[in-house]
Amino acid sequence: MEYLPNIVFAIALALGIGFFVRNVKKLIRNIKLGKKVDVGDNKPQRWKNMAKIALGQTKMVVRPIAGLMHIIVYVGFIIINIEVLEIILDGILGTHRLFSPIGQLYDVLIGSFEILAFLVIVAVTVFWVRRNIIKLQRFIKPEMKGWPKKDGNMILYIEFVLMVLFLTMNAADFQLQQMGADHYVQAGAFPISQFITPLFEGLSVPTLIFIERTAWWLHILGILTFLNYLYYSKHLHILLAFPNTYYGKLRPQGQFNNLESVTNEVKLMMDPNADPFAAPADPNAAAPEKFGASDVMDLNWVQLLNAYTCTECGRCTSECPANQTGKKLSPRKIMMDTRDRLEEVGKNMEANKGEFVSDGKQLLDDYISREELWACTTCNACVQACPVSIDPLSIIVEMRRYLVMEQSAAPMELNNMMSNIENNGAPWPYNQMDRLNWVNE
Amino acid sequence: MDEQLKVKTMQEFMAEGKQPEILFWVGSAGSYDDRAKKISRAFVKLLNRANVDFAVLGQEESSTGDVAKRAGNEFLFQMQAMMNIELLNGYEIKRIVTCDPHSFNTLKNEYPGLGGTYEVVHHTQYLKELLDQGRLTLKGETYKGKRITFHDPCYLGRANSVYEAPREVLTKTNAALVEMKRHKKTALCCGAGGAQMFKEPEKGDMDINVLRTKDALETNPDIIATGCPYCNTMMTDGIKAHEKEERVTVLDVAELLANSI
């Protein structure tokens, strides 16, 4: 029975990590449903972007309050993971404070974890107040009703509770150390939990051990649960921000890709020697590519990675000129819809032995309306605002391409504009011969 | 008409067996839109003053296809692009200047992939160059002390990171440059981009240009400077919506300079 806790711990750890790996595999499978796109260029610049934007949080601090608070939680998250490593090793080996023999450095580490934990509690509280009391505009938009709102708060609660458990554990441990309890080595500095310790005065050693152990177990089990909550929440950005900033757009923001499938057809049309009725050179050639996107499989995999990376902060939406003037378009909703539809497609595949079976739904109309797509001014404010290099605009344009080239479903005024270009080389119905009249007017 | 402009077409250059220093891509707005035509004329006035040996394509110029591309019509865009590229490459064009940030963006970034690689500059960049080289000098009297706020066109600013050239040029008029709260990277769109210029806006509670002119009016300007014919239209309409057309004028950077020589 002596090894029972170790065994229980090892099982919990294996389950926690096992489920997480399973979900990561699903994530990769879903992202791979996207089309191939060449992002192998300019690796040095890509690493630099990742280091600057994801690791260095450069775009977070554009909004100083949220940025500073976020950096605290982010640094807390990374640094406190060193402590998690100790906890995991203690759990497996049945040791207590395995790293304590490093002496003074250990005091410094534990002390700084405590201060960070406290700062995280403060930051998380500020975040909660911003969402629920101040009700910042971007957190109460229509797409944030229901689950997204709960999800956002849930993450804050989990983080809050984890930090409280960590400090409670330390406080009980500190009290036990002072009482000279067996097994509780004198180690660590407790700049924050020393203020909790007085609450434990007068408690017996067994009670304190019970408190310390309970907090220890709940803390690590909480972390494993949180790890598995990620996939079901908006919180995947803590992992995906890194690949997402690496694969982010390197070209000037104004440069949209030229569709290669179109280039081939246009070249054929403009070639005076081409025979329009000729059979395809290769009879086994794939069917002509669909132009634009009506569903998630028509997007490229970086756009799908974008969707999973979005943490629904809404900076894009708050900078969007259409959204600011009351239009339905919200770039954040474009990303959330893409992710939700992708999840739906993934579940569909699981239910059908790995093959997607048409469910009569698609991203267009069932998730994203035409009204939203046509409200975009392609101004790139959303792209500029995103702290993790997400490009909602590229999805909007891809879906417009489908509407125009596959369905001829542009608004009437735009159809007029386009026929003007076709007929007289200008978006207005003027004669090409009058192009130079301005010189003499 | 105040002054006879000297404008030569590429055909005329070809006939003389010469190459121009630069091709002025007038764009559809600059050719046909009554307001934008004034901008083309102001820019040419400056080119004439600086003795720039420039050409236009005239009747051979056709829409870049930019607006079709933003609307989702990649076919039409590439048709236009390939026709224009054939023409530009035929004339062996090396350098292009344009007053339209949308043409600027597509010629500079999207044409190379289709076989048309040129050095493309926005007219504010070219004017800065002419001023720096001393080919163009300003008297700096007309706008001395006037409050001018510059509205960044999305396709010049965010899209291509050109923020300084228009501002440097404006400073040379001796005007007092004032910035809107949202400027450069965070500038708000005028509402015309993405083919919105050619359609009614979707249902909402305000027009984007009215919101953007509000930003501009908060700086208490005498003049709103633009660097894009579409922004110019939107800001002019916005000023009317705010009933400030008596107090505030909307002028292109080229017009401000043309009035300062």
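Over how many bridges do strand β4 (residues 95-98) of chain B and β5(B) pair, and in which sense? I began with this pair, and I note that the model is a predicted one, in which local features need pLDDT of at least 70, side-chain atom pairs count only at pLDDT 80 or more, and totals for chains, interfaces and linings use all residues. Residues are numbered from 1 along each chain as its sequence is written, while chains are lettered from A and ligands numbered from 1 in the order in which they are written.

**Entry 1: the sheet of chain B**

I found that β4(B) and β5(B) pair in the parallel sense over four bridges, where strands (E, at least two residues) and helices (H or I, at least four) are DSSP runs numbered from the N terminus, and two strands pair if DSSP finds at least two bridges between them. Looking up B:R95, I found its bridge partner in β5(B) to be B:E119. Helix α7(B) packs on the sheet and touches β4 and β5 of chain B, its direction making about 90° with that of β5(B); axes are lines fitted to C-alpha atoms, for helices over the stretch in contact, and angles run from 0 to 180 degrees between N-to-C directions. I then traced the open sheet of five strands, which has the order β1-β3-β2-β4-β5 (chain B) with parallel pairing. Because β1 (8-9) and β5 (119-122) of chain B stand at the edges with a single partner strand each, one side of each is left without a neighbour in the sheet.

**Entry 2: the domains of chain B**

I noted that chain B is divided into domain 1 (8-129) and domain 2 (138-258), with bounds from an automatic or database domain assignment. Their C-alpha centres lie 23 Å apart, and the contact takes 26 residues from domain 1 of chain B and 26 residues from domain 2 of chain B, two residues being in contact if their C-beta atoms, placed from the backbone, lie within 7 Å. On the side of domain 1 of chain B that touches domain 2 of chain B, the largest share, eight residues, comes from α3(B).

**Entry 3: the domains of chain A**

For chain A the assignment gives domain 1 (4-31 + 63-235) and domain 2 (260-275 + 287-431), and the C-alpha centres of these two domains lie 41 Å apart. The contact takes 14 residues from domain 1 of chain A and 16 residues from domain 2 of chain A. On the domain 1 side of this contact, α1(A) gives the largest share, five residues.

**Entry 4: between the chains**

I looked up the interface and found 58 residues of chain B in contact with 57 residues of chain A. Helix α5(B) gives the largest share of the chain B side, seven residues.

**Entry 5: the cores**

The largest nonpolar core has 146 residues, and those with the most contacts inside it are A:M399, B:F24, B:L46, B:A225 and B:A254. Such a core is a set of buried Ala, Val, Leu, Ile, Met, Phe, Trp, Tyr and Cys residues joined through C-beta atoms within 7 Å, and a residue is buried if 20 or more other C-beta atoms, placed from the backbone, lie within 10 Å of its own. Helix α15 (residues 392-406) of chain A gives the most to this core, with nine residues. A second, separate core of 32 residues includes A:F113, A:M163, A:Y184 and A:A215.

Technical notes. Buried ≥ 20, exposed ≤ 12 C-beta atoms within 10 Å, placed from the backbone.
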